[in-house]
Amino acid sequence: MKVRLATVWLGGCSGCHMSFLDLDEFLIDLVDAVEIVYSPVVDVKEYPENVDVCLIEGAVCNEDNLELLHKIRQRTKVIVSFGDCAVTANVPAIRNQLGLGNRESVLQHAYITNAQDNPSVPKADGIVPQLLERVMPVHEAVHVEYFLPGCPPPAARIKALVGQMLSGVEPKLEGTQLKFG
Amino acid sequence: MAAKTLTIDGKPITAEEGATVLQAADEAGIKIPTLCHLDGVYDVGACRLCLVEVTGVAKLLPACTTRVAEGMEVKTDSERLRKYRRITLELLFAERNHVCAVCVANGHCELQTLAYSQGMDHVRYEYLFPKWGVDTTHRLFGMDHNRCVLCTRCVRVCWHVEGAGTKNVAGRGTRSHIITDLAMPWGESDSCTQCGKCVQACPTGALFHKGSTTGEMERDRGKLEFIVTAREKKQWVTAD
């Protein structure tokens with residue numbers, strides 16, 4: 001039976017997903033081994049049940065990210081923190097340096113101070129998710145099985161980890177395969 | 001000078017009296033991870049990455065400030081040491097804002113290299129995300145406190161190689177930080193000779209040449225070694 005694979009894009013730039021697409025011809029082998037059940041590159045709206053492996057790109061930045069993450073944890077056997085934003089919170093977490101209250105100040109800065117037209121903070125309950133007080137790496141919110149660092153992780157590194165998982169060995173990256181940045 | 005015989009990782013070694021365990025290991029070709037150590041300046045044991053096990057001593061000792069002794073049995077690699085080195089590295093990453101992806105030293109950083117070579121795939125501690133500034137008041141150099149690991153290499157080269165005494169450490173605990181003269185903007189310092197040795201000494205992206213962008217800050221440690229060799233041995237040669 002095919003491995004049910006999901007990939008998720010939280011607070012990140014999608015660079016990790018671009019790197020995933022850089023797997024080139026390995027993607028063809030992958031299609032034989034996995035079924036992609038949820039991903040920014042497939043049109044599935046609801047995160048499904050019984051997912052075997054989920055690669056999570058991005059830091060946990062807003063309430064939607066957090067809600068989806070809890071759902072993923074309940075419905076997924078193996079979670080992989082995919083890329084530096086997921087592993088360290090990386091660039092999205094730079095706003096944490098502004099301390100508590102940064103949520104208001106970054107919105108103010110982006111949508112009022114630097115706005116050229118119609119300065120106003122976008123607010124639509126149920127549509128625009130609220131920012132969390134503090135951006136978190138994925139493992140701070142839910143348990144994570146494996147870590148795949150890199151900004152973005154090069155395709156060879158993704159291939160190494162996914163390849164290990166598919167061949168049934170305990171995934172383990174070493175040396176430069178663990179380089180951040 | 002008297003010689004001492006000891007073993008490092010089971011290998012019999014002879015070292016000069018007064019040599020450090022780190023020097024003895026280095027001469028024997030045994031690599032111990034270091035961060036605050038810099039060839040050419042004295043050691044302070046600040047980073048705790050070179051901790052080793054010595055038979056008969058319950059606590060771990062820093063190889064860079066522990067002198068060799070007759071009959072000493074040193075272990076540089078064990079489950080316990082790997083565990084503590086990883087803890088030390090993770091705490092360093094959690095303490096400041098080490099955002100490798102956008103750092104001037106990305107790809108040329110000793111902290112980054114240590115992290116992956118010691119198998120650090122994530123940080124188990126909550127990041128502090130402290131608020132630190134970047135001092136770009138100097139004409140040539142910048143200081144980004146977000147990337148500083150307080151190894152004090154810059155302070156040591158400034159005082160003991162250049163002899164200027166511009167750089168110093170102020171504060172306590174997590175608020176410790178590198179200052180220029182009496183905690184003034186670097187560009188206003190009277191004592192700084194603009195020699196740039198501190199920039200060459202820095203292991204991370206904390207000190208940089210102005211104008212360097214992500215991953216561009218490469219250093220030439222050989223320059224420091226060249227100066228120290230010239231002073232101590234009166235030889236104007238590079239190590240290689």
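Trainee: How many residues of domain 2 of chain B are in contact with domain 1 of chain B?

Mentor: This is a predicted model, in which local features need pLDDT of at least 70 and side-chain atom pairs count only at pLDDT 80 or more, while totals for chains, interfaces and linings use all residues. Residues are numbered from 1 along each chain as its sequence is written, and chains are lettered from A and ligands numbered from 1 in the order in which they are written. Two residues are in contact if their C-beta atoms, placed from the backbone, lie within 7 Å. Here 15 residues of domain 1 of chain B meet a domain 2 side of 21 residues.

Trainee: How many residues on the domain 1 side are nonpolar?

Mentor: Ala, Val, Leu, Ile, Met, Phe, Trp, Tyr, Cys and Pro count as nonpolar, Asp, Glu, Lys and Arg as charged, and the others, Gly among them, as polar. On the side of domain 1 of chain B that touches domain 2, one residue is polar, two are charged, and the nonpolar ones number 12.

Trainee: Which strands of chain B stand at the edges of the sheet?

Mentor: Strands (E, at least two residues) and helices (H or I, at least four) are DSSP runs numbered from the N terminus, and two strands pair if DSSP finds at least two bridges between them. Five strands of chain B form an open, mixed sheet in the order β2-β1-β5-β3-β4. Two of them have a single partner strand each, so one side of each is left without a neighbour in the sheet: β2 (11–16) and β4 (61–62).

Trainee: Which residues of helix α3 of chain B are buried?

Mentor: A residue is buried if 20 or more other C-beta atoms lie within 10 Å of its own, exposed if 12 or fewer, and partly exposed in between, with C-beta atoms placed from the backbone. The cover over the buried residues of α3(B) includes α2 (79–95) of chain B. In α3 (residues 110–117), the buried residues are Glu110(B), Leu111(B), Gln112(B), Leu114(B) and Ala115(B).
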